[in-house]
Amino acid sequence: QAVRDWEAAAMMQRCASPRLAVSAAANRSRSPIWVLIGAPGSGKGSYAKQLALRFGIGQVATGDLARSAVERPEYAALAPIVSSGGLFPDQTMFGLLRQWLDSQSPPATAMLLDGFPRTVQQVMLLEE
């Protein structure tokens, strides 16, 4: 168990974005946000779930957010994007992520994002 704990902690450190970690440290009112980056099918989702359970932090996969969003009438027009494997517009995806983050009660001590950011504009939105 101790070896697995050490491996999970080391992986968490490698996944952390230094710029976001510095921002979070400077602003203690915000929870740190870690981003998992990798090719489709590389195991980001599997690792994210394991890390979230092990460290008791929040975790969200933006693909899951997109699939659940198109079930709501206000996002139904975006269903073809999901079925084709495309990406939602940056502002739309950020809005969905923001809604999810705001819905977490109590707020998590840290967040682990799987599939976000995917574009430079999404990085800029996340840093704001």
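## Asp90 and its partners

Setting aside neighbours within four places in sequence, Asp90 contacts Thr119, Gln121, Gln122 and Leu125; contact means heavy atoms within 4.5 Å. The model is predicted: local features need pLDDT of at least 70, side-chain atom pairs count only at pLDDT 80 or more, and totals for chains, interfaces and linings use all residues. Residues are numbered from 1 along each chain as its sequence is written, and side-chain values use heavy atoms, without hydrogens or water.

Asp90 lies in helix H6 (residues 90-103). Its side chain makes a polar contact with the side chain of Gln122, at 3.1 Å. A polar contact is a pair of N or O atoms within 3.5 Å; within protein, one must be able to donate a hydrogen and the other to accept it, and residues adjacent in sequence count only if both atoms are side-chain atoms. Asp90 counts as buried because its relative accessibility is 17%, and buried means under 20% relative accessible area (1.4 Å probe, protein chains only).

## Nonpolar cores

A nonpolar core is a set of buried Ala, Val, Leu, Ile, Met, Phe, Trp, Tyr and Cys residues joined through side-chain atoms within 4.5 Å. The largest has 22 residues; Phe88, Leu97, Leu113 and Phe116 touch the most other members. H6 gives the most to this core, with six residues.

A second, separate core of eight residues includes Trp34, Leu51, Ala52 and Leu112.

## Overall fold

The protein chain has seven helices and three strands. Helices (H or I, at least four residues) and strands (E, at least two) are DSSP runs, numbered from the N terminus. Buried residues make up 35% of the 128 residues.

Conventions:
Buried < 20%, exposed > 50% of the residue type's maximum accessible area, 1.4 Å probe, protein only.
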